[in-house]
Number of protein chains: 2
Amino acid sequence: MKHELLFLSRTKDVFIAEGIKTYSSRLKHYTNFSISTLKEKKKWHRTKSLKDDQGVLLLKSVPTGAFTVALDSRGSQFSSESFARKIEEWEMRGIKQVNYLIGGPEGLSSDVTGSADLLLSLSKMTFTHDMVRLFLVEQLYRAYTIKAGEKYHK
Amino acid sequence: MKHELLFLSRTKDVFIAEGIKTYSSRLKHYTNFSISTLKEKKKWHRTKSLKDDQGVLLLKSVPTGAFTVALDSRGSQFSSESFARKIEEWEMRGIKQVNYLIGGPEGLSSDVTGSADLLLSLSKMTFTHDMVRLFLVEQLYRAYTIKAGEKYHK
């Protein structure tokens, strides 16, 4: 199963970018994983809000048939173990690709949250979107070590 | 009010250490803040488990009268806004120092969690203790920007 993260812009914090690189390369030993940084228009042909325009960009970047997970603090929380079981469930359902959608400073549009297959909350607290990226990659890596029965996750 | 984080060992991930440094220096513009890295004995005079010995070290490093917050995934979750309100509540109660206790790989001993004034959970998910440190420093910084009515936290 392929996991693809959709980023609206490049990761600005250098130390976070470093962390994402570290965990991405570890994760790739276990599964097909990629990050796509979408190109936002410098000047949007603004008909709606920035959040709505970003939502359109995110949704058109999701391949047909992919399972979509939108990161939203109002979503469901999982323990690391239950998130690992969730991934196994997706595999058993024959899902080939999961796309993770992370919003900008204003969050995700209702078009994105409304159409997502799962709303996932990492914490009740608000973190920078850069940090959310790092947390998610680390949790994906942790999930695969849990699935493999390895020591890291303890 | 002073916030002091007690770390059981130095932060191993270089990128996390970098992030902690960044947010610590930002936080210091708002409040008295420090991190104490406790010195674990190379060879404990092991009477109990490592977790218990670490618990003893943590508890004896807390100054008399300090308010203690133990990081534990079974603890209370707060939104960033309600965490900021919590800090204001402590200030109004005249608390002079808050100590944050973060466990090692085995977590915190029941002596620590049982005697803490607050059990705080950042997420249902498990993160590395290095990451927990970074999350906490970022949330403290965020709380002070919320208290100051500043833009960062959005």
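**Entry 1: a bridge in chain A.** I began with K2(A) and looked up its bridge partner in β4(A), which turned out to be Q97(A). I keep in mind that this is a predicted model.

Entry 2: Next I checked how β1 and β4 of chain A run beside each other. Strand β1 covers residues 2-7 and strand β4 covers residues 97-101. They pair in the parallel sense, and I found 5 bridges between them.

**Entry 3: the whole sheet.** In what order do the strands of the open sheet in chain A lie? I read β2-β1-β4-β3-β5, with 5 strands and parallel pairing. At the edges I found β2 (32-37) and β5 (118-120) of chain A; each has a single partner strand, so one side of each is left without a neighbour in the sheet.

**Entry 4: over to chain B.** Here I picked two helices, α1 (residues 14-27) and α5 (residues 129-147). Their axes come within 9 Å and cross at roughly 20°. An angle under 35 degrees counts as roughly parallel, and α1(B) and α5(B) are therefore roughly parallel to each other. The crossing in which α1(B) passes α5(B) is left-handed.

**Entry 5: who meets whom.** From α1(B) I listed contact residues including I16(B), I20(B), Y23(B) and L27(B). On the α5(B) side, they and their neighbours in the contact meet a set of residues; among them are M131(B), L134(B), V137(B) and Y141(B). Sorted by class, this contact of α1(B) with α5(B) has 10 nonpolar, 2 polar and 4 charged residues.

Note on methods
Residues are numbered from 1 along each chain as its sequence is written. Chains are lettered from A and ligands numbered from 1 in the order in which they are written. This is a predicted model: local features need pLDDT of at least 70, side-chain atom pairs count only at pLDDT 80 or more; totals for chains, interfaces and linings use all residues. Axes are lines fitted to C-alpha atoms, for helices over the stretch in contact, and angles run from 0 to 180 degrees between N-to-C directions. Helices (H or I, at least four residues) and strands (E, at least two) are DSSP runs, numbered from the N terminus. Angles under 35 degrees count as roughly parallel, over 145 as roughly antiparallel, 65 to 115 as roughly perpendicular and the rest as oblique. A crossing is left-handed if the near helix is turned anticlockwise from the far one by less than a right angle, and right-handed if clockwise. Two residues are in contact if their C-beta atoms, placed from the backbone, lie within 7 Å. Ala, Val, Leu, Ile, Met, Phe, Trp, Tyr, Cys and Pro count as nonpolar, Asp, Glu, Lys and Arg as charged, and the others, Gly among them, as polar. Two strands pair if DSSP finds at least two bridges between them.
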